[in-house]
Amino acid sequence: MIVIKVGGALGINYDLFLQDLAGLVKNKNQEIVLVHGGSGELNEISTKLGKPPKMVTSASGHVSRRTDKETLEIFNMVLCGKMNKMIVEKLQQLGVNAIGLSGIDGRLLVGKRKNIIIVEDGKKKIIRDDYTGKIEEVNVDLIRLLLGNGFMPVITPPGLSYENEAINVDGDRAAAIIASSLKAEALVILSNIPGLLKDVDDESSLIKEINKEEIDDYMQFAKKRMKKKVMGATEALNQGVQKVIFGDARIENPITKALEGQGTVIQ
Ligand code: ADP
């Protein structure tokens, strides 16, 4: 069993990616769970709708997307609607019986809604209408039920809070907990970059291998959202996933190449 996370950043070639995915499922009988994001598309569409993305920095220094109710509605439109159904449709065209699910469907991804505390004019302030959080539980039975009956799950945020509200959760870290809950042999995280780079502006600075005991030393290279990928990788490896690979989603056969070791392999 492999868990694959793809995108959201712009520039990803979904046709090439999904062809490779369909080949692995149909010809190699590989059991795969797909998790996707949609941050690039979300930024574009929310801007067109007159509600451009707003990031907030918490008092502890974490940056996250400000997700009020209206943002959450756009989030659902783009991720559960446009992106998820685009991927499921293409997989159906490739002969894979994909089924799209968000984290709220069947309580697939459940976790804690966060209280975002910001500092404004030197004072701490809680933002009360924000819906972001972190997944702590995965409905493994539901995923196994689907896989066991020949369906390929295509999973997208949001998740569900313990109070049963939709929450914006990070796709990479959701993929990480899905992989560890399923005891997957590998977690493949594909994006619009060749892997973890020493210098984000220089694609030839790819870090090819990381010993999982030393992963903390590499956090310094990850900037912005890449940090979430390294955090997700650390969480997955600590919870028993044998191997995490960061690979390039823009190339032909991106999954096969990542599994062959192209990208950043952490084990
Ligand atoms: P996705 O939406 O596909 O999950 P993100 O946009 O969240 O991808 O993260 C990938 C981005 O992280 C890259 O496009 C790159 O700009 C940025 N990044 C920051 N630091 C690094 C790094 N050290 N190596 C590679 N990418 C990095």
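This is a predicted model: local features need pLDDT of at least 70, side-chain atom pairs count only at pLDDT 80 or more; totals for chains, interfaces and linings use all residues.
Mentor: Residues are numbered from 1 along each chain as its sequence is written, and side-chain values use heavy atoms, without hydrogens and water.

Trainee: Why is E213 called exposed?

Mentor: Exposed means over 50% relative accessible area, buried means under 20%, and partly exposed lies in between (1.4 Å probe, protein chains only). E213 has 64% relative accessibility, so E213 counts as exposed.

Trainee: Where is E213 found?

Mentor: E213 sits in the loop between β14 (209-210) and α6 (226-238). Helices (H or I, at least four residues) and strands (E, at least two) are DSSP runs, numbered from the N terminus.

Trainee: Why does N29 count as exposed?

Mentor: Its relative accessibility is 68%, so N29 counts as exposed. N29 lies in the loop between α1 (14-27) and β2.

Trainee: What is the phi of N29?

Mentor: Phi of N29 is near 55°, a positive value in a residue other than glycine.

Trainee: Why is R107 called partly exposed?

Mentor: R107 has 42% relative accessibility, so R107 counts as partly exposed. R107 lies in the loop between β5 (98-102) and β6 (109-113). R107 also has a positive phi of about 50°, although it is not a glycine.

Trainee: Which peptide bond is cis?

Mentor: The bond from P157 to P158 is cis, with omega near 10°. P158 lies in the loop between β10 (152-156) and β11 (159-161).
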